[in-house]
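The chain is shown first.

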Amino acid sequence: MPTITIPIEDLVFVLAALVGGGLLLVTVLLDDILGGILDALNLDFSIGGVSLMPPLLAFIAMFGVGGIFATQVLGLHSGQAAIVGVGFGAGGFAVAFGMFTALRRAEGGKPFALSDLVGQEGSVSVSIPSGRLGTVYVRAEGQAHEISATATEDLPAGTLVRVVGVAGMGLVVARLTPSTSPEPSTATAPETFEGEETHA
């Protein structure tokens, strides 16, 4: 039987294209899962919030594609084919990085956490008995949110409050006391200088 021989360089380029492209597809489809695993391991492969994994895999895949193009179409081999592959890979890296950067910017911001509301002011929407639950309106992300809350004193509906803490899935609020303005200073009698007389 005739044997089929594949040049080692072609084999490297084919494997790079297949492995890089396959892993890139898996990364795109399972981005949330892989991102959660990396976060759990405290590993951060990102620039400006954009993960470097997809662009690197795109580089590997396009390196393989460029190498195959160089050997099969341009008739180049060895170092010259590798240079063409690196050029293709750099282009793939740049395109993937640009696409994922645009997608990252298009994503909505992370939802706020209750702890982010500490220090915010709001108002009681459903009266809060002391040590029990009611609800308050608090502004976050440009709109009002009704959130369960508790307090150490009775707070009727409409009371202005400040968020002072978080308890479970609710807030801890306290009555917002209006700031007291300083008392006006008492007027003093005009000073009289030596030689001057005051007239009634």
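A salt bridge is taken here as a side-chain nitrogen of Lys or Arg within 4 Å of a carboxyl oxygen of Asp or Glu. The model is a predicted one. By this rule R175 forms a salt bridge with E153, with the closest N and O atoms 3.4 Å apart. The pair links distant parts of the chain: R175 lies in strand β7 (residues 170-175), and E153, 22 residues apart from it, lies in the loop between β5 (143-150) and β6.

The count comes to two salt bridges. R162 and E121 also meet through their side chains, at 3.3 Å from N to O.

| Residue | Relative accessible area | Class |
|---|---|---|
| R162 | 33% | partly exposed |
| E121 | 45% | partly exposed |
| R175 | 36% | partly exposed |
| E153 | 33% | partly exposed |

Turning to the rings, a search of the whole structure finds four aromatic pairs. F69 and F88 have ring centres 5.7 Å apart and planes at 35°, so this pair is tilted. F69 belongs to helix α3 (residues 53-72) and F88 to helix α4 (residues 78-106), 19 residues apart. F69 is partly exposed at 35%, and F88 is partly exposed at 29%.

F93 and F97 form a stacked pair, 6.3 Å centre to centre with 5° between the planes. These two residues are separated by about one helical turn because they are four residues apart in helix α4. F13, F59 and F63 form one aromatic cluster.

Notes:
Residues are numbered from 1 along each chain as its sequence is written. This is a predicted model: local features need pLDDT of at least 70, side-chain atom pairs count only at pLDDT 80 or more; totals for chains, interfaces and linings use all residues. Side-chain values use heavy atoms; hydrogens and water are left out. Buried means under 20% relative accessible area, exposed over 50%, partly exposed in between (1.4 Å probe, protein chains only). Rings of Phe, Tyr and Trp (its six-membered ring) pair if their centres lie within 6.5 Å; planes under 30 degrees apart count as stacked, over 60 as edge-to-face and the rest as tilted.
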